[in-house]
Amino acid sequence: MRYLDYFEKILDFIKDRILVYHSTNNHKELAEVREALDQVHKVEDLLPIMKLSSKTRDGFTVNTKVHSLKDSGKEYDGFTFTITGEKTGNILFSVEIQTTEERTQLYHAEIDALYKDLTAKGKILVSSAELGEADAVCNLILSLVYYVYNLMPLSRGSSVVAYSVIMGALMASGKEVSGKIPRGKLVDFEAMTAPDSEAFSKTAKDWLNLKSISPSYKSLPSVSESFPTLRTMIEALSTDSSHCLKRL
């Protein structure tokens, strides 16, 4: 299972959110819940704990929150982790996203603000050799994609598309990705389970292993000239690239 490496991380997150919930609502059984959570080592162990105060007896949900960079102190709804079933029977552990037009517009506003900042920083970077400017541009690129990942999957494979956007944007800023995603890791799940965009950026940069872009890239034809229409872009994306790898 490609999500296997994230079970423990998600389990710890759910335990933390359960404590936050009980602390905020001043439940009398907080001490009992805290003690019980210390004994939780598997997802199914959570069900009896949540049933202490849950109105439903067949499971529970925990929502993630995504902090806004545009509006300090503001949070957006992230993903929903759902656990249903019985400890002695089948357990369903799922990750879902539930969006509305209002939620989507909030994310769009966040992404638009980041894109404007990225455009402005990119112009400064062109005329500056300061290392700090390049790092700031990199952080903005990764922050922008962080919100894309947490908004919702656009289609099957959208995680790969977003990662390609990261690589392309970094190339435009004069940096080249020389690292690889570690085996068993998923970029979208790293964004979904990160406490904020800064933590995601730090993790991603460790993987990317950025270096200055090779001067040979300047000799490549521009994308707009090579693929002038949407049709030609789609045709290029749909082409079997195996023969290109052989030529390399």
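Student: How many salt bridges does a search of the whole structure find?

Tutor: The model is a predicted one. A salt bridge requires a side-chain nitrogen of Lys or Arg within 4 Å of a carboxyl oxygen of Asp or Glu. A search of the whole structure on that basis finds six.

Student: Which strands does the salt bridge between Asp77 and Lys65 tie together?

Tutor: The side chains of Asp77 and Lys65 meet with N and O 2.5 Å apart. The two residues are twelve apart in sequence, so the pair ties together separate parts. Asp77 is partly exposed at 41% relative accessible area, and Lys65 is partly exposed at 33%. The strands that hold Asp77 and Lys65 are, respectively, β2 (residues 75–85) and β1 (residues 59–67).

Student: Which helices are linked by the salt bridge of Glu133 with Lys121?

Tutor: In this salt bridge the closest N and O atoms are 3.9 Å apart. Lys121 is partly exposed, its relative accessible area being 30%. The pair links distant parts of the chain, twelve residues apart: Glu133 belongs to helix α5 (residues 131–151) and Lys121 to helix α4 (residues 101–126).

Student: What separates Arg231 and Glu235 along helix α10?

Tutor: The side chains of Arg231 and Glu235 form a salt bridge, 3.2 Å from N to O. Arg231 is exposed at 63% relative accessibility, whereas Glu235 is partly exposed at 41%. Both residues lie in α10 (residues 230–238), four residues apart, so their separation is about one helical turn.

Student: Which element gives the most residues to the lining of the largest cavity?

Tutor: The largest cavity holds about 40 Å³ of space. Its lining consists of Leu142, Tyr163, Ile166, Val187, Phe200, Ala204, Trp207 and Leu208. The elements that give two or more of these residues are α6 and α8 (197–208). With four residues, the element that gives the most is α8.

Student: How many nonpolar, polar and charged residues does the lining of the largest cavity have?

Tutor: Leu, Tyr, Ile, Val, Phe, Ala and Trp count as nonpolar, and the lining residues include Leu142, Tyr163 and Trp207. By class, the lining therefore has eight nonpolar, no polar and no charged residues.

Student: Which element gives the most to the lining of the second largest pocket?

Tutor: This pocket has a volume of about 820 Å³. Of its 20 lining residues, Ser164, Gly168, Met171, Val223 and Phe227 lie nearest its centre. The elements that give two or more lining residues are α6, α9 (223–226) and α10. With eight residues, the one that gives the most is α6.

Student: How do the residues lining the second largest pocket divide into nonpolar, polar and charged, and what are the numbers?

Tutor: Gly counts as polar, and Gly168 is among the residues nearest the centre of the pocket. For the whole lining, the division is 15 nonpolar, five polar and no charged.

Definitions and conventions: Residues are numbered from 1 along each chain as its sequence is written. This is a predicted model: local features need pLDDT of at least 70, side-chain atom pairs count only at pLDDT 80 or more; totals for chains, interfaces and linings use all residues. Side-chain values use heavy atoms; hydrogens and water are left out. On a 1 Å grid over the protein atoms alone, a cavity is a set of points where a 1.4 Å probe fits but cannot get out, and a pocket is an open set with protein on both sides within 12 Å along at least five of seven lines; lining residues have an atom within 4 Å of a point. Grid points are joined across faces, edges and corners, and a volume is the space filled by probe spheres set on the points. Buried means under 20% relative accessible area, exposed over 50%, partly exposed in between (1.4 Å probe, protein chains only).
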